[in-house]
Amino acid sequence: MSLLKDIEPIKTKDYLKDKFQEYYKNADITLPPRFTSREWGFLRWKGGIMNRHVNFRTMKEVKSYLARIAPAHCYHSVAYYKDPSKNTMIDKEWQGADLIFDLDADHLPEMEDVKKGKIPFSKLMGYIREQTYRLVVDVLLGDFGLSEEDLLITFSGGRGYHVHVRTPELLTLPSGARREIADYLTGKGLDLNKILIDAGYTKEYPIRGKGIERKNLGVEKLPRKDAKGWQGIITRYIHHTLDDLREKEGDEKKTIMKKFGVSNDMLNFKDNNNSIFNKLPKTPKRLFVKIALKETAIYPDEPVTGDIHRLIRLPGSLHGGSGLKVTTMDSKKLERFDPMKDAIAFGNNLVKIRSIVSHPVTMGDGLATLKPERVAELPEMAAIYFMARNWAHLVLET
């Protein structure tokens, strides 16, 4: 029994490779445009350096390679090259690159709350999906005026989402311009004083001994809900917050009002949202804007967006760290996407696994739980997830 247990880690990798190989025999792979001009890279189950500078000439070659090698991770370049099989970037001759946004749950500020046990990781995955949705709908389709046909949206198979922008006008953007787009999404450098509309006016006042003096009366108003850029994003958030306050009662309502520095006597919900906000004192107005920016900022992985030679996960491939599928979707599917339902690649055949961690681990939002240092018989999709995460080994004892 001890000997079998000692070789379980090796057999676990073999088992995962066999299951991936089984998947790739009939996998629905989404090849990127001009895939023959892309560099490809793969990581195998035994680790080591990435096998890159690979080039494919036909779809048949790609599928044959995947079914034969069954790599743990599959990537292709965001760039197009004249000769992608060359070993140096200069020799490859760069011809352009897709604009990529990589949104990873690990990069969110709320990750600290997960580490402290304040919120479950599944909730963090909900946050990153919401950010991706806002990136696609509010920014790319809204402010930037792109169409769905310009985009490819994928769940990464791990802890986030990738958005590929392939409109021809953006392919030759240099790295600096791409980083500026990433900065725009986070609100970096945004002048919050220019979000609200300056609706101030001047008024004449009689001053004893001086005659008439004209003074400027500063009045800040909420922009239109359909305003472009950050003005529109922040305005829509404020409208949503005021609508939410109308529905709340008691302590829950008090908590929200305290957060925004307002009291009951400042808010008359018989008015419309514009009137409510515009009548507020200057300090709570500014606090509303500041919190709105924090809550609506989007946090892509900036080095990924700026890297014109980056490798990105192949849509339709499997993620070797989870066993989940890199899944493509449109904006409507993204709005309700659940990785633990929509990215599952394996079935319900029972598999016996052994936990190798000293704390309970859970798949998704309670889909399956593995207790510390225990043996359990779980559906294949959950067992593969735990083994790919290095939380469990395949049990060999009979």
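## Salt bridges in the predicted model

The count comes to 18 salt bridges, a salt bridge being a side-chain nitrogen of Lys or Arg within 4 Å of a carboxyl oxygen of Asp or Glu. The model is predicted, so that local features need pLDDT of at least 70 and side-chain atom pairs count only at pLDDT 80 or more, while totals for chains, interfaces and linings use all residues. Residues are numbered from 1 along each chain as its sequence is written, and side-chain values use heavy atoms, with hydrogens and water left out.

## Pairs that link separate parts of the chain

One of the salt bridges joins Arg354 to Glu8, with the closest N and O atoms 2.9 Å apart. Because Arg354 lies in strand 15 (residues 350-355) and Glu8 in helix 2 (residues 8-24), the pair ties together parts that are 346 residues apart in sequence; helices (H or I, at least four residues) and strands (E, at least two) are DSSP runs, numbered from the N terminus. Arg354 is buried, with a relative accessible area of 12%, and Glu8 is buried as well, at 1%, where buried means under 20% relative accessible area, exposed over 50% and partly exposed in between (1.4 Å probe, protein chains only).

Lys92 and Glu39 meet through their side chains in a salt bridge of 3.6 Å, N to O. Lys92 lies in helix 4 (residues 89-92) and Glu39 in the loop between helix 2 and strand 1 (40-43), so this pair ties together parts that are 53 residues apart in sequence. Both Lys92 and Glu39 are buried.

A further salt bridge, at 3.3 Å from N to O, is formed by the side chains of Arg159 and Asp106. Here Arg159 sits in the loop between strand 7 (151-155) and strand 8 (160-165), and Asp106 in the loop between strand 6 (99-104) and helix 5 (111-115), 53 residues apart. Arg159 is partly exposed, with a relative accessible area of 29%, and Asp106 is partly exposed at 33%. Salt bridges that share partners also join Lys19, Glu22 and Glu380 into one network.

## A buried threonine

Thr241 is placed in helix 8 (residues 229-247) and is buried, with a relative accessible area of 6%. Leaving aside neighbours within four places in sequence, Thr241 is in contact (heavy atoms within 4.5 Å) with Phe260 and Phe288.

## The chain as a whole

The secondary structure of the protein chain comes to 15 helices and 19 strands, and 46% of its 398 residues count as buried. The C-alpha trace spans about 100 × 55 × 30 Å along its principal axes.
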